[in-house]
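Please load the model in the viewer and follow the selections in the order given. Each stop states what to select and what is found there.

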Amino acid sequence: MSRTLFRTRIKFCGMTRAGDVRLASELGADAVGFVFAEGSPRYVHPEEARAMRQALAPLVDSVAVFRDNPAAQVREVVKQVRPSLLQFHGDEDDAFCRGFGVPYLKAVPMGDTAIDNAIALQVRYPAAAAFLFDSHGGGAEGGSGTTFDWSRIPDGMNKPVMVAGGLSPENVFDAVVATLPWGVDVATGVESAPGVKDGERMRRFVAEVRRADCHVEPDLEADRQPGTGATRRTDHSR
Ligand SMILES: O=C(O)c1ccccc1N[C@@H]1O[C@H](COP(=O)(O)O)[C@@H](O)[C@H]1O
């Protein structure tokens, strides 16, 4: 089976302008993210996100990003914005994350020295729709624009794996080829200032992901599992 049949999903995060939301959709992004984490330079009010959501093209997901927000705030966002996915970047547990009736992504802090192994993560977050490995933790915030050592992503994940943290048009090709993720997520690397997306960098980011999707490395080809959407990082046999 040709690797070109696999498409790495792309999420552009930290939208603050409706025009950027529309452009992301037109460039072929699979999802855009609205950040509700207190203190983020990309923070938006639920009302602003609700308005921006109108700019989303059909078949593009909206993701609401939180970091240890109170449940009442998450509920308010779910009610106002109607996101297709929630993304949790803090110490939220599975019961909290799944308590809003919306599928969720759990961000895993790769800035921490003690990273859970695949089994421990999946036992801790059994309801997670996917795991997003990011460079936060160890004193670093989400949306920091810094990378981590991609080889530290644990093997044996049976849920889709997303990679984030310091991705950019300059390094996303290498990230995709190295990790074969379900998806990639970027904020800083496609911006001219926090929350202000740069259209040309978004376009180049998408082009680099597509270039990586078409890149064939013979020793990795066999790791793709037709029919499951699974990759080397996603072991559905467990
Ligand atoms: O973008 C933010 O400001 C943010 C704040 C709090 C939690 C998560 C945040 N964004 C997420 O951070 C990663 C990596 O971002 P970057 O590309 O390194 O800037 C990504 O998953 C965003 O969704």
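**Helix packing and the ligand shell**

Begin with helix 1 and helix 7, which cross in a right-handed sense. In this predicted model, select residues 18-27 for helix 1 and residues 199-213 for helix 7; their axes come within 10 Å and cross at roughly 25 degrees. An angle under 35 degrees counts as roughly parallel, and therefore helix 1 is roughly parallel to helix 7.

Next, display the side chains at this contact. Helix 1 contributes Leu23, Ala24 and Leu27, which meet Gly199, Met202, Arg203 and Val206 of helix 7. By class, this contact of helix 1 with helix 7 comprises 5 nonpolar, 1 polar and 1 charged residues.

The crossing of helix 6 with helix 7 is right-handed. On the helix 6 side, select Val172, Phe173, Val176 and Val177; on the helix 7 side, select Phe205, Glu208, Val209, Arg211 and Ala212. The contact of helix 6 with helix 7 holds 7 nonpolar residues, no polar ones and 2 charged ones.

Now move to helix 2 (residues 46-53) and helix 3 (residues 71-81), whose axes come within 9 Å and cross at roughly 30 degrees. This crossing angle means that helix 2 is roughly parallel to helix 3. The crossing of helix 2 and helix 3 is right-handed. Pro46, Glu47, Ala49, Arg50 and Arg53 of helix 2 make the contact with Glu76, Val77, Gln80 and Val81 of helix 3. The residues of this contact divide into 4 nonpolar, 1 polar and 4 charged.

Which of the 26 residues around the ligand come nearest? Select Cys13, Gly142, Gly143, Ala164 and Thr188 to see them. By class, the shell around the ligand has 9 nonpolar, 12 polar and 5 charged residues.

Finally, colour the model by pLDDT. The protein averages 89, and 87% of the residues score at least 70. For the complex, the predictor gives an ipTM of 0.98 and a pTM of 0.91. Select residues 225-232, where pLDDT stays under 50; the model has 13 contacts beyond four places in sequence for this stretch. Where pLDDT is low, predicted coordinates should not be read in detail.

Technical notes:
Residues numbered from 1 in each chain as written. Predicted model: local features only at pLDDT ≥ 70, side-chain atom pairs only at ≥ 80, totals over all residues. Near = placed C-beta within 6 Å. Nonpolar A, V, L, I, M, F, W, Y, C, P; charged D, E, K, R; others polar. Axes fitted to C-alpha atoms, helices over the stretch in contact; angles between N-to-C directions. Helix = DSSP H or I, 4+ residues; strand = E, 2+ residues; numbered from the N terminus. Parallel < 35°, antiparallel > 145°, perpendicular 65-115°, else oblique. Left-handed = near helix turned anticlockwise from the far one by under 90°. Contact = placed C-beta atoms within 7 Å. pLDDT = per-residue confidence, 0-100.
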